[in-house]
Structures are given as C-alpha cells and as structure tokens.
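User: Could you walk me through this model? I would like to go region by region and ask as we go along.

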Amino acid sequence: MALKPVPIWTCCTNQQHCCVYPQSWKLGFSHDGYRGSGSRFLNFKANKKWECLVLLSETERAVTPVEDEEPLAPPEAASPGIVEENQIIHSKRFHRDLQSLPKPLSATDLSCGNRDGSKVRVAYQGIPGAYSEAAALKAYPKCETVPCDQFEAAFKAVELWLVDRAVLPIENSVAGSIHRNYDLLLRHRLHIVGEVQLLVNHCLLGLPGIRKEELKRVVSHPQALEQCNILLNKLGVTRINSDDTSGAAQIVASEALRDTGAVASARAAEIYGLSILAERIQDDPDNITRFLILAREPIIPGTDRPYKTSIMFTLEEGPGVLFKALAVFALREINLTKIESRPQKQRPLRVVDDSNKGSAKYFDYLFYIDFEASMADPRAQYALEHLQEFARFIRVLGCYPMDTNL
C-alpha cells in the first residue's frame, strides 16, 4: 500500500501545549482579517504561530499509540439469572442462531481482514439491535455495521482501518452527557464528520405468550431502566443491570427466561424473536440521544447548509478568563449549543499560594464547546484567533453538517 505524506500544521501559544491540524485545516488570519478569494482555506501570515512540523504517512497517523492509554481487559461475561428447569420453555419464534450474528470486536483483539470496499463499514458499541446500530443505519442506510464490545474498540477500529466510520453516543436529553466519550475524543486523533439525533423508543420485551403482569424481573442498561421508572414501578419488578439494551434482549431470548423481561428497541425484539409487551414506555416521550460520527480525516467545511463546529481548549488562570473566552463567540453572534468541562487527568490539581490562608487546591479543567458556525465562515475563524489570547491549548475536533431531522 502506497504511503501518502500528510503535512501536520500546529499552533502553539506555548511550547508545552499545542494543537495539531491536517494541512486542510490551516486556520489563519492576517491582521486585517483578509481571506484570499482564490484559496479554499485561509493561510496565516508568516508572523503568526503556525508552522508545519513533520510529514507523517497516513498509515503512521492511523496507528500512533496514545500516551497514557492502558490495555483494556475483556469485559466480564454477563451472568443470567438461575431459572428452574420446569420454567425453561424455548420459544418457537426464537429461531435465529446467535452464532450467526456479528461478533463484537475487542479492543485487545483487533486484526485486519479483507473487506468489501463497495460498502461503508461503520463501528458502534454494543451488539445487533442496539440504539447505536440504529443511529449508524440512519446516517448510512446501506452501510455494513460492525459491533464493538467497548467504546475504545470502536475508536481503534477506525484508527486501524478496520472500518471507515464510528458512530458513538455523546449525550442524551434525559441522562445527560456520556463523559467517557469526551475523554476518548481527546486521547484519540479522530475527527468528527457528522452527528445523528435519534429518538429513543424503549419497549418492554418478553418471550412470546408472556404478559407483562407475569414478569418478576426486568433487565437492561441502567440508564434505560432509569428512563422507564413509571411503568417498572407500576409492575413492581426487580431491576437487573446489563451492559447494553440489546444484550439484555439476547439474554432473555437465549436463556428462555419466562419471568424476565428486557427494556430494548423494537429492532432487538425482531432480531431475538421476542414479543413487544409494551411500547414507548419511557417516562419522557421526547427522549433523544445525540451521536457523533468519527473518521480518520476531516471533511471540507462549507456554507451550503447549517454547520456545527466542536472544539476543546484549556485556559490560563485568572479572574474572568472563562467569561472572556465565551465572549469571543458572543461578540460575533455565534450561538453556543453546548459547553462541557472535564478535569484534566494528567495534572488534575493546581496549588495556589495565598499569604492569608495558605495554599488551596483547585482543578484544572478542559472545556468542550459546540457552536453553530462553519470553519469556512470568517466569524468562526476570527473567534478562534481571538480565543488564542486566553487559551493555552486549542483543538478543533471537527466541523460537520448539523442533523436537523429526527
């Protein structure tokens, strides 16, 4: 396979903290903010702090190890409940062979293989029937979905060229943010190239012929159980946690648990031969999960449709610094759709001397922001240039079209 050299452009406000961009992201400005009409992107003048540091091949960038990343232990196998022999009645509708379903990729056991280049391969966390798979199919209706056992495995599958994209959840309108994926976005060098908003429809599933009043236990992901409090409290069932919703449906079907139901999607019921005992059982009917689409290379930003840009940055210490950082967007009438703060893991504590009260310890924070503007829009470019005055580190995670359809 031929290696294609790719220049990596960096901008540093000091030598210890810098952000890295591919050549296509040469974000820059002259002092008067002029953008050359003959160029697709802006170029910084020589007096700006942007320079090409090194040429890396595509292959080298894809497999660059992450510094503080530890090997992941394989997840423990779920332990299904014990059922008496006289309660085990195999469903006639459950005719699918579980061995024929795609086996989830493991972060510790990823191997390259031949693949059909005519289809887009999309990785997701979970097993067939998961909501993440539904999000992948919404983004790419004709794609080949590839299940992964953990979020890290989906990131690595893209980096190792095993798949073309990864679709991972980032926030839910009821449960809030998925902090693990925010941390992984910083640790891995993938780019956000799209988003998917999926309306979640939780269903209560059980073996054919079973009524929901006969259930004694319900198994599902903890968040799914929490989002269906009203019905589950009414039924008075015992709640059992599982790794994901579709995995819960698989357990009920494969073990033929007559007194156990699962909270999962309607697609999971179809795949595992279960009956839908109740639909739309979530407490909040407007239960929406937002997913990010990740790829090895960024897309070219445009202005032909609504775009969103995601960035991460850290700030210098001082009063009102966060206010000043956010003001760079307000001054240019750029709408912020999300702001999230995460403690920095490499140096989580800072000691501040105080002559009156001694020393105090505070957290150093990393800020994640989504704003509604394309990087092809001069307003966004001016805002990031202005933000450099206060930030020690800036990284553009991606500029991508907004998903406006549910």
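Analyst: A definition to start with: two strands pair if DSSP finds at least two bridges between them, and helices (H or I, at least four residues) and strands (E, at least two) are DSSP runs numbered from the N terminus. This is a predicted model, in which local features need pLDDT of at least 70 and side-chain atom pairs count only at pLDDT 80 or more, while totals for chains, interfaces and linings use all residues. Residues are numbered from 1 along each chain as its sequence is written, and side-chain values use heavy atoms, with hydrogens and water left out.

User: Okay, what is the mean pLDDT of the protein?
Analyst: The mean is 77, and 67% of the residues reach 70 or more; pLDDT is the predictor's confidence in each residue, from 0 to 100.

User: And where does pLDDT stay under 50?
Analyst: It stays under 50 over residues 1–95, where the model has 166 contacts (heavy atoms within 4.5 Å) beyond four places in sequence. Residues 106–118 also stay under 50, with 21 such contacts. Where pLDDT is low, the predicted coordinates should not be read in detail.

User: Now the strands: which order do they take in the open sheet?
Analyst: Five strands form it in the order β11-β10-β12-β9-β13, with mixed pairing. Because β11 (238–241) and β13 (275–278) stand at the edges and have a single partner strand each, one side of each is left without a neighbour in the sheet. Neighbouring strands are turned by 35° against each other on average, direction ignored.

User: How many bridges join β10 to β11, and how many join β10 to β12?
Analyst: Strand β10 (residues 217–220) is joined to β11 by four bridges and to β12 by three, and both pairings are parallel.

User: Is Arg 211 buried, partly exposed or exposed?
Analyst: Arg 211, found in the loop between β9 and β10, has 48% relative accessibility and therefore counts as partly exposed, given that buried means under 20% relative accessible area, exposed over 50% and partly exposed in between (1.4 Å probe, protein chains only). Its C-alpha atom is separated by 9.5 Å from that of Ser 275, 64 residues apart along the chain.

User: Changing topic, how many aromatic pairs are there?
Analyst: A search of the whole structure finds three, where rings of Phe, Tyr and Trp (its six-membered ring) pair if their centres lie within 6.5 Å, and planes under 30 degrees apart count as stacked, over 60 as edge-to-face and the rest as tilted. One of them is the stacked pair of Phe 313 and Phe 367, at 5.7 Å centre to centre and 25° between the planes. The pair links strand β15 (residues 307–315), which holds Phe 313, to strand β19 (residues 365–371), which holds Phe 367, 54 residues apart.

User: How accessible are Phe 313 and Phe 367?
Analyst: Phe 313 is buried at a relative accessible area of 0%, and Phe 367 is buried at 13%.

Notes: Axes are lines fitted to C-alpha atoms, for helices over the stretch in contact, and angles run from 0 to 180 degrees between N-to-C directions.
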